[in-house]
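Please have a look at the sequence and the model before I start talking.

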Amino acid sequence: MELDLAGAELKSVLNRLRRAQGQISGVIKMIEEGRDCEEVVTQLAAASRALDRAGFAIIATGLQQCLTDVEDGMKNGEDKDAMRARLEKLFLSLA
């Protein structure tokens, strides 16, 4: 399945990913500086949430596309259960 996000959707996802990238860089720096464990874990949790939200945004905005891909797959001989399993695996990968 190819990802095709519109301008505003793409900008939102990229902003979330850039935020996560900055947070991860901050976590690395904190570890190198020997910062407090609680501070590191708090920042790491924030980065994890930012990545999760980017993933969910991609899935939410791409859901229609995924459904179209499912229909196309069924037209090309892929059975309904196989397509359902692919979509379920995609969603669960963020759980």
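What we have here is a predicted model, in which local features need a pLDDT of at least 70 and side-chain atom pairs count only at pLDDT 80 or more, while totals for chains, interfaces and linings use all residues. Residues are numbered from 1 along each chain as its sequence is written, and side-chain values use heavy atoms, with hydrogens and water left out.

Let me begin with confidence, since pLDDT is the predictor's own confidence in each residue, on a scale from 0 to 100. The protein averages 81, and 78% of the residues score at least 70. Confidence is highest in helix H1, at a mean of 90, and lowest in helix H3, residues 80-92, at 77.

As for the fold, the protein has three helices and zero strands, where helices (H or I, at least four residues) and strands (E, at least two) are DSSP runs numbered from the N terminus. Along the sequence this reads as α-α-α. If we take a contact to mean heavy atoms within 4.5 Å, then among contacts between residues at least 6 apart in sequence, 64% join residues at least 24 apart. Of the 95 residues, 21% count as buried, where buried means under 20% relative accessible area, exposed means over 50%, and partly exposed lies in between, using a 1.4 Å probe and protein chains only.

Now to the charges: how many salt bridges does a search of the whole structure find? The search finds two, a salt bridge being a side-chain nitrogen of Lys or Arg within 4 Å of a carboxyl oxygen of Asp or Glu. Arg35 pairs with Glu33, with the closest N and O atoms 3.5 Å apart, and Arg35 also pairs with Glu39, where that distance is 2.9 Å.

Finally, I would like to turn to Gln23, which sits in helix H1, residues 7-32. Is Gln23 buried or exposed? Gln23 is buried, because its relative accessible area is 15%. Leaving aside residues up to four places away in sequence, Gln23 touches Gln43, Ala46, Ala47 and Ala50.
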